[in-house]
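This briefing sets out selected features of the structure shown below. The points are grouped by topic.

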Amino acid sequence: MAQPTTSPRQNTLRRSPEPRPAGRTGESGSRPRPKSSFNWGLALDRWLTDQRSTLTLGVLLMGLAGGLLFAFVSYLLHGNADQSAVDSALSRPLAESGSETRNWLGLVGASVAHAFVFRWFGVGALALPVIVFLSGYKLVFRQELVPLNRATIGLLFAAVWTSLIIGYVVLVTDSAETASVWCGGIGYEVNVALYSLFGWGNLAFIGFMLFFFIVYFFDVSKIRLPDFSRKNPSRVRPYADDTLQTFEDTEVDEAEAEADLDEEEEQPPVPAPVASAPVPPAPVAPISAPKPVSEPPAAPEVIAQSTGVTLTIKNRDAVADQEPADELAATPAPTYEPDPFEEDDLVAVHGLYDPTLDLPQYQYPTIDLLTEYANSRKASVSDDELTANKERIETTLRNFGIEIDSIQASIGPTVTLYEIVPAKGVRISKIKSLEDDIALSLSALGIRIIAPMPGMGTIGIEVPNKNREMVSMRSVVMSDVFSNSKFDLPVVLGKTISNEIYVADLAKMPHLLMAGATGQGKSVGLNVLLTSLIYKKHPSQLKLVLVDPKKVELTLFNKIERHFLAKLPDAEESIITDTKKVVNTLNSLCIEMDNRYNLLKDAGCRNLKEYNAKFVKRRLNPEKGHRFLPYIVLIVDELADLMMTAGKEVEQPIARLAQLARAIGIHLVVATQRPSVNVITGLIKANFPARLSFKVTSKIDSRTILDTGGAEQLVGMGDMLLSSNSDIIRLQCPFVDTNEIEDICEFVGNQRGYDDAYALPEFVGDDGGQGDEKDVDLDNRDPMFDEAARLIVIHQQGSTSLIQRKLKLGYNRAGRLVDQLEAARIVGPFEGSKARDVLVTDLQTLEEMLKRLKGE
Ligand SMILES: Nc1ncnc2c1ncn2[C@@H]1O[C@H](COP(=O)(O)OP(=O)(O)OP(=O)(O)O)[C@@H](O)[C@H]1O
């Protein structure tokens, strides 16, 4: 490791270098870069990704295409006259040659056309302006008129091939004197060369080239004639709106759909960065693997040392975006067996199904809609501040008889974490028992003690920075971690203590409970979450159900109703504020959940991803009700109001959705000001493994939401603790202002959208069929409940007699068990003489459900 630049001396603290971008592990972190070095690569990269540059370049290319076309056509008409002027241009005054040329674009037009038309491709050169135009169009309109790569290959081939075939005609008719301009140099010369080899067999060679190209370019091997003799579902192209179209109508879309889908699979583009300040590529700590990996440890730099204990500042280096492994990847393949012949037909004829073609012109919000705030610079903690804090910590601990070996500091956006290694013989439990006294002695607002630091033999003390950093939404949206994220529902939650941007996958969370006293940043947090999703998802892939009993917080999102919002068929407003309507909407979501489970079951899929993948491959027939299923995110801003007015009516559907909806792509984000036990009930809490808390008013509130204290010690303004998988991480939430949200919603809302909001299933009245779960108390489950559930799932047979026989139980008890299994949505409802449907297809999902029921 690199050595400190100053020799260690008394009264010196050590500071580590700034975190360096991932991948540049070979550089010495402690060697300062010369100030004058300018990074040309970065500047060029930034210029190229700036939308103003792409727009300018695009318009230039389109203009150039027009100019080339003009010059080429003109040359084809007057080229013979211009040839001598061009050839002699360099040997005499340009003005003289210029006055001789008849090209509409003068000597320059004639010279360029001379090269492309006369020397190379002849009439085939006309392909060039078309390619240039298509490239320019893509830059200006940020979408392709036709798939650009394929078009370029096709047009280049056409240029060469036309040149060859015309060259052949010119050769056999011996008209090179007058007509060689039409075939260009390539066409003529190649034909002359081939003629010497094959004689008149040239034509066969040129014909074979065309055949070869068609076979490969259009992959003819895949095209099979559809079977018209039977009712053939391959004639139907599934559309999201369930309209049917025969493939005769849609042939032209095939290549386009395929190319667009390729792009979509790569992730929808997040608009290019235009900021002046480079954003350090920060690592993502996914929710399922929340601990960021640190590699390699940066070399510390001594900055001060007063009492013999060294303070180092530990800033971790960046790591690459980590994708959590697909948890279901190892489970066996689904049971559904499609007819391979028909589906291959469909894909060969229409390409893969692309949901984004619902709104093909849709443009993702651009980065310039987000503001660069003046105070969003990196937090600066002076050496004096570091030394003072270190001394306070040391003195305080010594007063309690605790000696320390060393201190390391990590400077975060809001707080600095001092990690202390106690001297040998000091037991961590002693420090833990003194936690409150130490906090009191340090007496700074927002101090949080973590004793011990999970997984390390150290104690952490977080002390707020005097000058905190505001983390702007713009900076996190621009970050590589977020813009390159391949998560299904990426949400950027903030910056960690080591300045890493923390992006989580809501789809894997799979639900989030949020709490925080009034004014501590909850609404901003919800807006950040919604903004993240809107920046990354196409309207065809995501629908939002917004519940806002406070009636003011989410109103701005009304503008994106026809793009991203979902509502009940008869509802006037998409943002739900009325408690009764909330209950109906929640129940309607339960119906949507059941419908989706039925679709998944029919398709033999275990989750939404598998189902949609199958639909995209056109393996599911829309005539049977199959459709592309967008993710649905339900946001409830202020659960307390709802629980006060509707209690169980709200609690039960929320718990039910939270328990079962993850596999079918419905995810919940529920926020509350009052994290008391009558709002966050055991039932709700048990089903929300990921919880996030802004500052709350008491330790009890902190325990209610996070199962531990600490949230009462936060410093507000988006300072928060995230608890997931029993880890607690302190994060600074990004800031996004109402104006920014307004601009984003306007940007999206002004584009063409769907005719109406996404229609949720109708829910009829108070007990309109959904409240038919018998009065079963799942908190008092039969002791054999788990075994019975496993039995049913293993045998995929929802029968009472199976439980009776295998578990050797009486009829009544087995019947009660089945009722409980139904209430837990493991088996479907009673269906007369038929066995009940088993709603859980595999043991892994079941075990997760059982854990959740137990509140684990
Ligand atoms: N992430 C943040 N960064 C900087 N400042 C913030 C952040 N979040 C919130 N603030 C500041 O705190 C103020 C209150 O935030 P917000 O409106 O989100 O609070 P709240 O918890 O939703 O309050 P209420 O429950 O009363 O609506 C904001 O106007 C802003 O000034």
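Thr800, Ile803 and Gln804 in helix 27 meet Tyr811, Ala814, Gly815, Leu817 and Val818 in helix 28; two residues are in contact if their C-beta atoms, placed from the backbone, lie within 7 Å. This is a predicted model: local features need pLDDT of at least 70, side-chain atom pairs count only at pLDDT 80 or more, and totals for chains, interfaces and linings use all residues. Residues are numbered from 1 along each chain as its sequence is written. Helices (H or I, at least four residues) and strands (E, at least two) are DSSP runs, numbered from the N terminus.

**Helix 27 and helix 28**

- Helix 27 (residues 800-807) packs with helix 28 (residues 811-823) at an angle of about 125°, and their axes are 9 Å apart. Axes are lines fitted to C-alpha atoms, for helices over the stretch in contact, and angles run from 0 to 180 degrees between N-to-C directions.
- Helix 27 is therefore oblique to helix 28; angles under 35 degrees count as roughly parallel, over 145 as roughly antiparallel, 65 to 115 as roughly perpendicular and the rest as oblique.
- The crossing in which helix 27 passes helix 28 is right-handed. A crossing is left-handed if the near helix is turned anticlockwise from the far one by less than a right angle, and right-handed if clockwise.

- Helix 26 (residues 785-795) and helix 29 have axes 10 Å apart and pack at an angle of about 160°. Helix 26 is therefore roughly antiparallel to helix 29.
- Helix 26 also passes helix 29 in a right-handed crossing.
- On the helix 26 side, the residues that meet helix 29 are Asp786, Ala789, Arg790, Val793 and Ile794. Their counterparts in helix 29 are Leu843, Leu846 and Leu850.
- Glu847 belongs to helix 29 (residues 843-853). Glu847 is partly exposed because 15 other C-beta atoms lie within 10 Å; a residue is buried if 20 or more other C-beta atoms lie within 10 Å of its own, exposed if 12 or fewer, and partly exposed in between, with C-beta atoms placed from the backbone.
- Glu847 and Arg790 are 57 residues apart along the chain, and their C-alpha atoms are separated by 8.4 Å.

- An open sheet of 9 strands has the order 9-8-17-16-15-10-14-13-11, with mixed pairing. Two strands pair if DSSP finds at least two bridges between them.
- Strand 9 (501-505) and strand 11 (542-547) are the edge strands, each pairing on one side only.
- Neighbouring strands of this sheet are turned against each other by 25° on average, direction ignored.
- Strand 8 (residues 490-496) and strand 9 run antiparallel and are joined by 5 bridges. Val491 has Ala504 in strand 9 as its bridge partner.
- Helix 17 (residues 522-536) packs on the sheet, where it touches strand 8, strand 10 (512-515), strand 11, strand 13 (631-637) and strand 14 (666-672). The direction of helix 17 makes about 130° with that of strand 8.
- Helix 24 (residues 699-706) also packs on the sheet, touching strand 10, strand 15 (690-693), strand 16 (719-724) and strand 17 (727-732). The direction of helix 24 makes about 155° with that of strand 15.

**Strand 11**

- Strand 11 and strand 13 run parallel, with 6 bridges between them. Val547 has Val636 in strand 13 as its bridge partner.
- Strand 11 is largely enclosed by the rest of the structure, because 6 of its 6 residues are buried.
- Both faces are covered: Leu542, Leu544 and Leu546 are buried on one side, and Lys543, Val545 and Val547 on the other.

- Val748 lies in helix 25 (residues 738-749) and counts as buried because it has 22 C-beta neighbours inside 10 Å.
- Leaving aside neighbours within four places in sequence, Val748 contacts Pro365, Ile534, Ile560 and His563. Val748 and Ile534 are 214 residues apart in sequence and 8.9 Å apart in space, C-alpha to C-alpha.
- Leu639, Asp641, Leu642 and Met643 are buried in helix 21 (residues 639-646). The buried residues of helix 21 pack against helix 19 (579-603), strand 13, helix 22 (648-660) and strand 14.
- Gly647 follows helix 21 and has a positive phi, near 45°.
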